[in-house]
Amino acid sequence: MTKQNILSSFISLIPLSYILGTFVLNLNILFIIVGGLLIFIQGGRFKLINLDKLVLFFFLYILFTSAFNTIESYYFEKIEDYDFTIIIKSLFFLRYLLLYLVIRLLIEKNLINFKIIFYSFAAVSLFVSIDIIFQFYYGKDFFGFTSPYVHKITGPFHAEAVAGGFVQKFSFFLFFCYIIFGSKHNLKIKIVVLTLLFFISTTSIILSGNRMPLILFFFVIFLIFLDNKTLKKYLIHILVLVFFMSALTLNTNERLRNYYNSFYESSKKMVALYSYRLLDVGKDLNIKERPYHVHEFDAGFGTWKMNKYLGGGIKSFRYNCPKRRLKSSSERSTCNMHPHNYYLEILVDLGIIGILLFILMVILALKKSYKALDDKKYKYILSPFFYIFVMEIFPIKSSGSFFTTNNAVMIFLVLSVMVGLSSKFKKEYI
């Protein structure tokens with residue numbers, strides 16, 4: 001195997017690594033980083049652009065604020081049982097900077113075979129989708145796993161209710177893989193195949209019970225419809241058919257229908273509550289009426305006020321949240337591991353400076369890569385990474401922790417590919 005195919009194979013195993021667990025995913029990332037470092041030692045280099053420097057500065061800032069909070073807690077506040085978790089976590093978080101730089105180097109040196117990656121990502125996504133559907137109707141998936149949840153289907157992830165989010169992300173490689181590498185088919189066959197792929201993916205997300213991924217999935221499909229002139233001519237047929245079939249799937253299953261109705265009712269309550277808080281329209285909700293995530297967001301804002309500018313250091317929410325001052329008896333005193341929103345978590349852990357750096361990084365990455373989407377050479381290769389990034393950084397969504405392995409790998413993987421491909425586009429055409 002060539003050096004290109006070996007490194008591409010490790011990258012192509014990322015979706016499978018997600019299924020096998022965090023340890024395997026971290027091990028796979030380590031192999032990718034080591035491979036990139038060997039290329040660097042052998043003389044592989046690339047010129048850092050401004051966005052690369054901003055990403056580097058973002059990671060250095062994480063180290064700084066974590067070190068600052070560690071010094072403040074241990075040396076000035078004299079916390080005797082302080083375990084240095086924050087600074088240790090920030091040091092380990094640097095592996096995602098290395099992942100970003102390695103992918104940038106591989107793209108710059110043309111050492112990534114995107115065909116291998118697309119086929120692997122697409123195949124695993126399709127398998128997980130079918131596995132979810134199978135488990136929903138037969139009680140067990142292909143491996144004999146049963147879901148421990150009443151309203152959620154976990155598929156090959158067994159005890160983790162993340163299957164729908166997995167399909168939401170990686171299914172875009174399934175669609176674009178067919179568009180790129182199945183281009184010999186005529187338009188009618190393309191419509192039929194894409195409709196089938198969309199239906200399988202959409203149905204699996206619905207059945208998984210992961211409701212936010214379903215909304216984001218349809219949102220990005222709508223964006224593709226608006227933005228992609230080539231796909232627009234036949235995507236509308238797919239959307240109408242898939243939407244109809246998805247609605248039929250929901251309406252024919254009472255358990256699913258009630259579950260999604262509860263999500264709709266909770267969303268209405270959240271809109272009403274924040275309309276009252278921000279615009280003074282409507283009325284407040286008492287503590288028992290408020291949806292679960294409102295309590296998480298309130299706890300997040302309350303914790304942020306303790307360290308407004310620099311934050312408390314990564315993964316500090318779980319330590320600082322119980323120490324916050326409650327503004328009234330209507331605020332819940334209990335705390336979770338994180339505030340369930342990327343932007344709020346970054347605000348809590350890295351402060352105003354950190355969130356501004358992150359937002360600037362996001363805007364520049366989207367702006368830079370969006371220009372490359374108009375070019376035939378880069379459009380379809382770049383598209384799934386671009387749209388996954390849009391879903392990942394969508395501001396008004398509930399989410400896992402930004403600083404966990406599963407989320408950080410996806411964010412900095414797609415960011416590095418976006419920046420790498422758009423940088424090559426700029427060199428060639430501008």
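1. Surface first. In this predicted model, the protein's accessible surface comes to about 20,500 Å². Carbon and sulfur atoms account for 66% of that area.

2. On burial, the protein has 430 residues, and 52% of them are buried.

3. The fold is helices without strands: the secondary structure comes to 17 helices and zero strands. If you look at contacts between residues at least 6 apart in sequence, 72% of them join residues at least 24 apart.

4. Now the inside. The largest nonpolar core holds 120 residues. If you want to find your way around in there, go to the residues with the most contacts inside this core: Ile 14, Phe 58, Phe 93, Ile 103, Phe 358, Phe 402 and Phe 412. As for helices, α15 (residues 342-372) gives the most to this core, putting in 14 residues.

5. Phe 93 is worth a click. Setting aside neighbours within four places in sequence, Phe 93 touches Phe 59, Ile 62, Ile 314, Phe 402, Phe 403, Ala 408 and Phe 412.

6. Last, have a look at Phe 31, which sits in helix α3 (residues 22-41). Is Phe 31 buried, partly exposed or exposed? Its relative accessibility is 39%, so Phe 31 counts as partly exposed, since that class runs between the 20% and 50% cut-offs. Phe 31 also pairs up in space with Phe 10: the two are 21 residues apart in sequence, while their C-alpha atoms are 7.3 Å apart.

Key
Residues numbered from 1 in each chain as written. Predicted model: local features only at pLDDT ≥ 70, side-chain atom pairs only at ≥ 80, totals over all residues. Heavy atoms only, no water. Helix = DSSP H or I, 4+ residues; strand = E, 2+ residues; numbered from the N terminus. Buried < 20%, exposed > 50% of the residue type's maximum accessible area, 1.4 Å probe, protein only. Contact = heavy atoms within 4.5 Å. Areas by Shrake-Rupley, 256 points an atom, 1.4 Å probe, with all protein chains shown as cover. Core = buried A, V, L, I, M, F, W, Y, C linked by side-chain atoms within 4.5 Å.
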